[in-house]
Amino acid sequence: MAGAAPATAFGQAVIGPPGSGKTTYCLGMSEFLRALGRRVAVVNLDPANEGLPYECAVDVGELVALGDVMDALRLGPNGGLLYCMEYLEANLDWLRAKLEPLRGHYFIFDCPGQVELCTHHAALRSIFSQMAQWDLRLTAVHLVDSHYCTDPAKFISVLCTSLATMLHVELPHVNLLSKMDLIEHYGKLAFNLDYYTEVLDLSYLLEHLASDPFFSHYRQLNEKLVQLIEDYSLVSFIPLNIQDKDSIQRVLQAVDKANGYCFGIQEQRSLEAMMSAAMGADFHFSSTLGIQEKYLASSDQTAEQEAMQL
Ligand SMILES: Nc1nc2c(ncn2[C@@H]2O[C@H](COP(=O)(O)OP(=O)(O)OP(=O)(O)O)[C@@H](O)[C@H]2O)c(=O)[nH]1
Ligand SMILES: [Mg+2]
């Protein structure tokens, strides 16, 4: 970043479709990291985020307000949001000036959920690449709702968007299956969980789809999509239960490895290892992460029906 010899900063760019759990993840991960002794700054880059549940160090809403943009330019929510991201891209000095006083912190960027920002629109990728010039080493943490594992066709589409995101965003990357606390409420999966997280032989998915009269018409398309995904063999997922300390720890290890944090700050790492061991089995957050009681894993039917809308 600007000024004296730049101190390398590290962080996470949290991306994923709307409702995949990005903001909740930012809250949970920031609380976990602070408990480990890391100085954390959460930066909200989503102009549509309201009522942020976490302590927000920088809020893009101070630079550009989605509502004002929609009114002034007569745009809908999606067009308005894309305009806001292009406006941020054109005014990165503002962001740099906001981040400068936070040098020495570990950053978590809560990004907008519009899929096109991660698959083909240039603004977010350009913002990330500019931050890399400021010696800010980010890992893209891509959340996908684990609900998508319940339907082979949806899972293939999620694999395609995950692959497109990895190729477009051009950052070290970790894919997460989020809301794993709900997974057993979605009913029996066609395959065991490893199959979805390791993205094993996808021909089994095709067989599964071929038995469905509707999808049998698209067999050739699905075969080509599956072949593309397997040719790149880039996509795999880590299951995330945001309320489980060991689950967050596994995610953090992968994230720190991806952006090199784990190689850089040894003394911090050993302190954190001690802190984490001292934390005990289930790490309690200061809040239920804003996860409405009805969405918390429970056995009653309504939670299951409600959860199907997640
Ligand atoms: N059960 C459960 N619910 C979750 C979890 N994470 C998020 N939710 C719920 O899912 C909904 C969306 O969560 P958010 O964190 O706002 O998702 P987001 O990706 O930031 O959404 P956008 O900002 O709209 O893109 C909220 O009702 C959360 O309470 C989780 O790990 N488990
Ligand atoms: Mg959000």
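Modeller: A residue is buried under 20% relative accessible area, exposed over 50% and partly exposed in between, with a 1.4 Å probe and protein chains only. G51, at 75% relative accessibility, therefore counts as exposed. This is a predicted model, in which local features need pLDDT of at least 70 and side-chain atom pairs count only at pLDDT 80 or more, while totals for chains, interfaces and linings use all residues. Residues are numbered from 1 along each chain as its sequence is written, chains are lettered from A and ligands numbered from 1 in the order in which they are written, and side-chain values use heavy atoms, with hydrogens and water left out.

Colleague: Where does G51 lie?

Modeller: Helices (H or I, at least four residues) and strands (E, at least two) are DSSP runs, numbered from the N terminus. G51 is in the loop between β2 and β3. Its C-alpha atom is separated by 32 Å from that of A7, 44 residues apart along the chain. The chain has 15 helices and 7 strands, and 48% of its 310 residues count as buried.

Colleague: Which protein atoms are donors of the magnesium ion (ligand 2)?

Modeller: Donors are N, O and S atoms within 2.8 Å of the metal (3.2 Å for Na, K and Ca); water is not among the atoms, so sites may look incomplete. Here the protein donors are OG1 of T23 and OD1 of N49, lying 2.1 to 2.7 Å from the magnesium ion. T23 belongs to helix α1 (residues 22–35) and N49 to the loop between β2 (40–44) and β3 (56–59), so that distant parts of the chain, 26 residues apart, are linked. T23 and N49 are both buried.

Colleague: At what angle do helices α2 and α3 pack?

Modeller: Axes are lines fitted to C-alpha atoms, for helices over the stretch in contact, and angles run from 0 to 180 degrees between N-to-C directions. Helix α2 (residues 66–73) packs on helix α3 (residues 77–90) at about 110°, with the axes 9 Å apart. This makes α2 roughly perpendicular to α3, a class that spans 65 to 115 degrees, against under 35 for roughly parallel, over 145 for roughly antiparallel and oblique for the rest.

Colleague: Which residues of α2 and α3 meet?

Modeller: Contact means heavy atoms within 4.5 Å. L66, V69, M70 and L73 in α2 meet P77, G80, L81, Y83 and C84 in α3.
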